[in-house]
Every structure is written in structure tokens, then in C-alpha cells.
Amino acid sequence: MTAISAKQHREKKAAWKMTPGKFLLYFFMYTFAILCLIPLVWLVRTAFVPKELELKMLAVGWVPTFSNITRIWSMAPWGNYYINTLILVAGVLASQFVTITMAGYAFARLNFYGKNTLFILFLTQIMIAADVLILPNYMTITRLGLNDTLLGAMMPFFASAMGTFLMRQTIKTIPYELEEAAKIDGCNLFRTITQIYLPLLVPCYIAHGLIAASYQWNNFLWPLIVINKPAKRLLTVGLAIFAQASEIGALWSDTCAATLLTVAPLLILFFFFQKRFIESFAHSGIK
Amino acid sequence: MTAIVNDRSAALARERRRMWRTTRLAWMLLLPSFIFLAMFTFYPIGYSIWNSLYKDNNATIRTGPVYIGLKNYITLFTKDQIFKQAFINNVIVAVVTVPISLGLAIMMAIFANKVKIGKGLVRVSFFYPTLLPMVAVANIWLFIYTPGYGMLGYIFNNNTWHFLTDPDAVLWALIVMMIWKQAGYVMIFYISGLQNINPELYEAATIDGANGTQIFWRITWPMLMPTTLYVMIITMTNAFKLVDHLYILTKGGPGNASNMLLFYVYQKAFDQTNYGMASAITVVVIVLLLILTCVQFFTQDKRTFYA
């Protein structure tokens with residue numbers, strides 16, 4: 001019934017006439033989409049344009065060159081930045097996957113004293129994000145002697161309330177009979193979680209992984225504060241410091257090449273897994 | 001009689017023992033998360049409140065922090081012009097970016113849902129700013145706003161626009177950038193909100209001869225209300241959290257015309273080493289965020305939390 005009416009609805013929509021108002025709206029939105037894209041197009045253009053044309057925005061007929069990228073590659077330890085960022089993202093994801101699975105399971109399946117209180121306490125992390133607590137957290141990291149370490153940059157993110165709630169929602173949709181059957185077969189909790197739940201939670205890990213990875217990849221203020229050693233810097237911090245050095249000379253092709261280096265991995269992933277990304281981000285936040 | 005009571009109390013005791021066993025297990029499972037939350041969310045909130053009552057800056061390095069009660073707050077709210085400016089700026093940013101982002105996002109979502117030609121590209125062009133770090137966004141927009149040879153100056157052949165150094169223009173220039181950055185993120189919540197609206201509603205409306213405007217205001221908008229409330233809070237809290245771009249673009253200037261509370265915390269703590277004041281500002285931000293979340297909690301259907 002619903003399927004049929006949905007189909008009729010679609011047909012009716014197709015039969016709608018293109019009114020002048022609608023035409024204007026479409027025209028406006030297409031223009032807007034193109035406007036939104038211009039900064040990216042320009043970024044890529046300037047990263048690959050021969051340096052002498054960097055300010056000639058409308059120049060045509062040039063051959064793309066890697067010379068900007070090779071030039072800036074030798075100006076800062078980008079390789080280090082990449083490795084540090086990758087280690088940071090991997091470290092945060094690895095620990096979050098463990099902590100959110102355990103906590104998510106507890107909230108979804110167990111009935112225990114203090115559940116509601118703990119649940120509210122977990123919510124605080126979403127309300128008052130780590131971004132706001134940079135000063136007290138910096139003091140903690142200093143007291144732990146973790147300044148200038150990637151561990152220090154990662155640690156405030158080892159637990160994730162958002163991930164916990166995402167896990168909890170998903171685990172709740174998994175039939176409890178599966179767990180009971182495993183228990184009857186003599187599985188302990190560890191085996192139940194790793195062998196029954198883990199495979200079913202893979203989409204959830206991907207969704208949370210994409211959100212957490214892009215957050216960590218893009219995080220700036222916190223790693224800027226914690227890490228001072230140039231060799232330990234992350235991509236965003238390296239980019240900011242590089243851009244500030246070249247800003248005065250208005251070296252657009254340098255800045256653009258560096259910016260592209262920083263954003264390319266996430267954007268390329270996004271172009272390939274567009275749907276996955278958008279779906280995952282639609283789950284971000286507690287819904 | 002006594003036997004039954006004994007039976008019942010025995011059953012109760014058994015039940016309680018079982019509950020405690022589950023509780024122990026649950027707490028063990030929650031412990032790793034709890035430790036990190038305690039260290040980096042609960043403790044720092046408490047520490048900020050405590051530290052905000054102390055004079056803790058360069059002058060007190062030798063003596064250690066000196067207790068001064070609410071003096072930091074009094075200074076902030078009565079004397080500190082930069083705090084006032086940053087506070088007002090934050091309010092302006094929230095009040096302006098939130099409705100515009102939401103309005104744009106609804107249009108983008110409807111368009112991205114309906115459009116036939118170039119659907120993928122439309123979604124990409126709306127959403128990709130979400131995935132860029134604020135620092136990269138700042139670099140890109142620095143170019144757009146640079147006088148003379150920046151994109152706007154170049155296209156309109158105008159050397160006199162100084163978007164980032166004019167105190168009257170700078171905040172608005174940053175607001176445009178923030179809207180561009182976050183509208184696509186808001187859009188995806190609306191896209192999933194639109195997909196949850198029963199198509200039969202639209203069908204019935206068209207049969208009754210409703211036009212596009214009526215359909216939007218009578219069906220789409222009210223049905224999207226829960227989404228709107230939800231994204232309103234996200235965008236409002238974002239208005240307090242997004243400050244990375246200031247580091248590149250303006251450093252809060254010119255003359256604090258674009259400063260924001262969180263960036264002011266950064267400046268107070270790490271440029272001026274005035275931890276007591278920085279803590280007080282942190283507490284102000286925490287309180288503001290708590291108020292926003294409480295508003296959300298009481299306006300939103302609780303099932304979205306506890307479902």
C-alpha cells in the first residue's frame with residue numbers, strides 16, 4: 001500500500017510543471033552549489049598552477065605542475081606531520097573502539113545500580129566538549145609529564161560518550177537471543193562480545209570511525225597547545241605555522257599546496273565513500 | 001505465613017545479590033571510559049571553578065595562587081572590555097549564524113533530495129566544507145578576503161575592501177565563512193529528517209490542491225521541527241567552540257573586533273599566563289553551554305535521549 005502510494009507520489013511529482021518560481025529556485029540553488037565549490041576548485045588550481053601564474057586567477061592554457069608541492073615538501077617536515085597525524089588518529093580510534101564497545105554494552109544490556117547517574121555523567125562530555133577545557137586539561141597533561149607527546153594529544157579523547165551512545169543504540173537493536181544462545185553454548189562475556197557482537201557492529205565502527213577520524217585529523221587548538229616540538233607536530237598545526245610564515249609574502253601557491261596536503265586524504269576518502277560519510281555524520285550527536 | 005515471608009525475603013536477597021553482581025560487571029565495563037571522562041571532563045570542570053577563585057598569574061609564581069574569591073568574575077564583568085567584546089561577538093555569531101545556517105541547510109537539503117541532474121556533485125559541493133579543518137578553511141578564505149589580489153578584490157577590481165582589518169567588517173566576514181563551513185553539516189540532518197516524513201502527507205496535500213509554499217509551511221517545516229531544535233543546539237554550541245580560524249586570520253583583531261570567548265581563554269592562559277582569569281572565562285563558557293544543553297533537554301522529546 002505504502003509502496004504503491006509512494007510510487008504514485010513520485011509519478012505525480014514527475015508530472016509537476018516547471019513553474020517560473022521553481023525554475024528560479026533551481027537556478028538559485030545550482031548557482032549556490034557552484035559557489036560553494038569555487039573555494040575548493042581554486043585551492044586545487046593554485047596548488048598545481050605554475051608559480052608565476054598564482055595571482056592570475058583567470059589564466060588558461062597552463063600545464064599542471066607538481067613543483068609547488070615538491071618545493072614546500074622540503075620547507076617543512078610534512079612526512080613527520082603525516083606520520084604523527086596517522087599515529088594520533090589510529091591511537092584514538094583503537095582506544096575508543098575498546099572503551100565504547102565495553103561501555104556501550106553495559107548501557108545497552110545490563111541493569112545495574114547507578115545506571116542513570118552514570119548515563120547523565122557521560123552526557124557531560126557531549127555538553128562540555130574537550131575544546132572548552134583546554135586550560136585545565138593542559139595542566140593535567142603537564143602534571144603527567146606528557147607535554148610534547150602524541151599520547152598527551154590523544155589522551156583526552158580515549159573515551160567517547162558519543163561513540164558509547166552510538167554503540168548502545170546499535171547493540172539494543174541486536175536480538176538478545178543471540179547472546180543467550182552463545183551463553184548456553186558456554187561463551188563467557190569476552191567471547192560473546194568479540195564473536196557475537198563485534199561482527200554485527202562493524203557498520204557502527206565504520207560510522208563512528210569516520211566521524212572520530214575526521215575530528216582528530218582536523219583538530220587544532222588542543223594539539224597546538226600540547227605539542228611544541230616541530231618534529232612532533234600534527235598536520236593542522238604544521239599547516240598553520242607554515243601558512244603564517246608564508247602569509248606575509250602572499251605565497252599563494254605555497255599555502256595552497258600545503259593546505260591541499262592537509263585536506264586531501266579526508267577529501268579523497270569522502271569522494272569515494274560519499275554516502276557512507278554523509279550517513280555517518282547524520283548519526284553524529286545523540287539521536 | 002512466616003515461610004512465605006522468608007521465601008520472599010530469600011528471593012529478594014537473591015535478586016539483590018544478582019543485581020550487585022551485574023552492577024560489579026557493568027562498572028568494570030564502564031571503568032576505562034569513566035577514568036578518562038573523570039580525568040578530562042569532570043575533574044577539569046571542577047578545577048576550573050576552583051582555580052577561577054584564585055589569583056594565579058605571572059605575579060603569583062613565587063607565592064603560589066592566592067585566594068581572591070569572586071574577584072576574577074567581578075573584573076571580567078565590570079572592567080574587562082575585551083571579555084565584554086568577546087562575549088558580545090559570541091552572541092552575535094550565534095544569533096546570526098544559527099538561523100541563516102538552518103535556513104540555508106533546509107533549502108540545500110530539499111534541493112539535494114529533489115535534484116535529478118548532478119545529484120552527487122550537489123551533495124559533495126554542499127558537504128565537503130564540513131570535512132575541512134578550520135585552519136585550512138581560514139587559509140582559503142584569507143585568499144578570498146585579501147585586499148586587491150584576493151578573489152573578491154580581483155573579481156570586483158577593488159583595492160579598498162579590507163574585510164579582515166576593518167573592525168566593522170571583520171566579524172561579518174568571519175560569519176559568512178562559518179556559515180559556509182557548517183551549513184552542509186546541518187543539511188545532512190535535514191536530509192535524514194526529510195526522508196522520515198511520510199510521503200502520503202504530500203500526496204494528500206497535492207490532492208487537496210495545496211501549492212509548494214503551503215506544502216512547505218504546513219507539512220515540511222512542522223515535520224522537521226524536532227530536527228530543527230536539535231541542530232539549533234549543535235550550531236549554537238559550535239558558535240562557542242569554533243575559534244581555530246582566528247589563530248590564522250585575525251588573532252581576534254583588529255583590536256579584539258573578532259575575538260571570541262574560547263580564543264580569549266587561549267590568549268589569557270597561553271599568551272599572558274593568567275590562569276586564574278582564563279579559568280574564570282572557561283567557567284563562563286561552561287555555564288553558557290550547560291544552559292544551552294538544559295534548554296535542549298527540556299524542549300526536546302526525551303525519547304531521543306533514552307530510546
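Domain bounds here come from an automatic or database domain assignment. For chain A that assignment gives domain 1, residues 18-73, and domain 2, residues 78-283. This is a predicted model, in which local features need pLDDT of at least 70 and side-chain atom pairs count only at pLDDT 80 or more, while totals for chains, interfaces and linings use all residues. Residues are numbered from 1 along each chain as its sequence is written, and chains are lettered from A and ligands numbered from 1 in the order in which they are written.

Chain A has 15 helices and zero strands; both are DSSP runs numbered from the N terminus, helices being H or I of at least four residues and strands E of at least two. The C-alpha trace spans about 75 × 70 × 30 Å along its principal axes. The radius of gyration of chain A is 24 Å, whereas a compact globule of 287 residues would have one near 19 Å. That radius is taken over C-alpha atoms, and the globule rule is 2.2 Å times the number of residues to the power 0.38.

The C-alpha centres of domain 1 and domain 2 of chain A lie 32 Å apart. Twelve residues of domain 1 are in contact with nine residues of domain 2, contact meaning that C-beta atoms, placed from the backbone, lie within 7 Å. On the domain 1 side, α2 (20-48) and α3 (67-73) of chain A each supply at least two of the touching residues.

Across chain A, 76% of the contacts with a separation of 6 or more are between residues 24 or more positions apart.

Note on methods: Two residues are in contact if their C-beta atoms, placed from the backbone, lie within 7 Å.
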